[in-house]
Amino acid sequence: MAKRFEQYCPIAHAMSLVGERWALLVVRELLKGPRRYTDLAGGLPGIGTNVLATRLRELEAAGVVTRRRLPPPAASTVYELTDYGAQLEEVLHAMARWGARSLGLPRPSDELDPDWGLNAFPALLYPERAREVTSLYVVRIGDDAFTVRLDDGCLHVADGAHGEPDADMAMDFQTFYELEAGDLDAVDAIEEGRLRVDGDRDAAIRFFEMFSAAPRLAPVAGDGDRLRPRVAAAARA
């Protein structure tokens, strides 16, 4: 059972439930849907089997994860998030935005997660700005392409280019990073040739208003600078 702190501190309590190494990454994998133990191990390179077993046991005890036996012919055990555990999606999205801003651009030697785009767009979606929007976009970033659809503000993301988009956009990874971080304006990116748009230019500009790493919190009086977009991170050695 998770430790109950004498001081009423929700953050400390949350960290006692999911603060151990790999715990939130296990949650991230389960946000994709039910997974077998072997699926989880394959999606988390570097995790030891004993560590994975321990984290799953702890997350079950905390009511974050549950497991069930699939009926024949599968007849295997899968792990999945409880309704309570699924509420961590918002937490992970906020952490992903924060982590990307401090991590900076990937180096040429860095290996991107194969599902990076499928994870990135949900994390970048600013729901209030996308409310009631219905649009289709194809987003080409380097050699990768994604279809991003908003259906009355509800997001659907798929690998590859599909359908007839309102805007088909192409850019390199650095341009995408600077656009979503707020360090580059979409209009400037188009005029400089860094963002190439086939289709509705205005739709492309709106896209980077709706998909953004901008803080979701209103500034506290006198603290406006604290929540401003930070300058692009320097290239890592």
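In this predicted model, helix α2 crosses helix α6 in a left-handed sense. The two helices, residues 23-30 for α2 and 88-103 for α6, pack at an angle of about 115°, which makes α2 roughly perpendicular to α6. A mixed, open sheet of five strands is the other topic here.

**Helix pair α2 and α6**

- Two packed helices are described by the angle between their axes and the distance between the axes.
- The axes of α2 and α6 lie 10 Å apart.
- On the α2 side, L24, V27 and R28 make the contact, and on the α6 side L88, L92 and M95 do.
- By class, the contact residues of α2 and α6 comprise five nonpolar, one charged and no polar.

**The sheet**

- The strand order is β5-β4-β3-β6-β7, with mixed pairing.
- β5 (154-159) and β7 (196-199) are the edge strands; each has a single partner strand, so one side of each is left without a neighbour in the sheet.
- Ignoring direction, neighbouring strands of this sheet are turned against each other by 20° on average.
- Strand β3 (residues 135-141) runs parallel to strand β6 (residues 167-171), and five bridges join them.
- In β6, D168 is the residue that stands opposite V138.

**Helices packed on the sheet**

- Helix α7 (residues 116-124) touches β3, β4 (144-151) and β5, and its direction makes about 165° with that of β5.
- Helix α9 (residues 173-181) also packs on the sheet, where it touches β3 and β6.
- The direction of α9 makes about 115° with that of β6.

Notes:
Residues are numbered from 1 along each chain as its sequence is written. This is a predicted model: local features need pLDDT of at least 70, side-chain atom pairs count only at pLDDT 80 or more; totals for chains, interfaces and linings use all residues. Side-chain values use heavy atoms; hydrogens and water are left out. Axes are lines fitted to C-alpha atoms, for helices over the stretch in contact, and angles run from 0 to 180 degrees between N-to-C directions. Helices (H or I, at least four residues) and strands (E, at least two) are DSSP runs, numbered from the N terminus. Angles under 35 degrees count as roughly parallel, over 145 as roughly antiparallel, 65 to 115 as roughly perpendicular and the rest as oblique. A crossing is left-handed if the near helix is turned anticlockwise from the far one by less than a right angle, and right-handed if clockwise. Contact means heavy atoms within 4.5 Å. Ala, Val, Leu, Ile, Met, Phe, Trp, Tyr, Cys and Pro count as nonpolar, Asp, Glu, Lys and Arg as charged, and the others, Gly among them, as polar. Two strands pair if DSSP finds at least two bridges between them.
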